[in-house]
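Hi,

Here is the structure I promised to pass on.

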Amino acid sequence: DDTGQYVNGLAFRSQDWKPKGTPIVRIQNLTNTALPFNYADGPFPEDRVVRSGEILVSWSGTLDAFLWDRGEAVVNQHIFRVIPEHSVVTTQFLYYLLLHSIRKLAASEAAHGLAMKHINRGPFLSLPVRLPPLDEQVRIVQTLQVLLSQCAELSAKFSLRESIATSFRQS
């Protein structure tokens, strides 16, 4: 928990949903951006409102970290809004650190539940992580983004190759 604050979203009931208002970020809106939002009337506590560029962590059902890019919204339960501690970690580095840490926790005994896996707050916040100096975090993120871009290009080329091979076999 030295990396920032992890604020759980609000518990909305279906009766709270409105046809318009402030979008409610539900796990389905994180995993499938094509799904519509539910809306609610505010005001909402400031620490439960997310804005583009911030990190969200889904800790129930879907165990993952997300960079939010869809404007101002209110966070639903089972999602942490992450408020980084900028004196020790950059937002981008924390995002990649969370992706790795959540996968580590998901494969451990910290994740439990039969139908839907979830990670309790205690094990999540107590996982030890190593933090390089801030300038090194920036360098690591820059390198990682270049490598991930190259991976995306290779993946696209592979998909194109597979499509061409399938077309060739069918002809």
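Tyr6, Trp59, Phe80 and Phe124 come together as one aromatic cluster. I paired rings of Phe, Tyr and Trp (its six-membered ring) when their centres lie within 6.5 Å, and the count by this rule is eight aromatic pairs. Mind that this is a predicted model, where local features need pLDDT of at least 70, side-chain atom pairs count only at pLDDT 80 or more, and totals for chains, interfaces and linings use all residues. Numbering runs from 1 along each chain as its sequence is written, and side-chain values use heavy atoms, with hydrogens and water left out.

Next, the sheet. Helices (H or I, at least four residues) and strands (E, at least two) are DSSP runs, numbered from the N terminus, and two strands pair if DSSP finds at least two bridges between them. There is an open, mixed sheet of four strands, ordered β3-β2-β7-β4. β3 (38-40) and β4 (49-50) are at its edges with a single partner strand each, so one side of each has no neighbour in the sheet. β2 (residues 22-25) runs antiparallel to β3, with three bridges between them; Ile24 has Asn38 in β3 as its bridge partner.

Then there's α2: 16 residues, spanning 22 Å from first C-alpha to last, close to the 22 Å expected at 1.5 Å a residue (that is, 1.5 Å times one less than the number of residues). Its buried residues (under 20% relative accessible area, 1.4 Å probe, protein chains only) include Phe93, Tyr95, Tyr96 and Leu105.

Cheers

Technical notes. Rings of Phe, Tyr and Trp (its six-membered ring) pair if their centres lie within 6.5 Å; planes under 30 degrees apart count as stacked, over 60 as edge-to-face and the rest as tilted. Buried means under 20% relative accessible area, exposed over 50%, partly exposed in between (1.4 Å probe, protein chains only).
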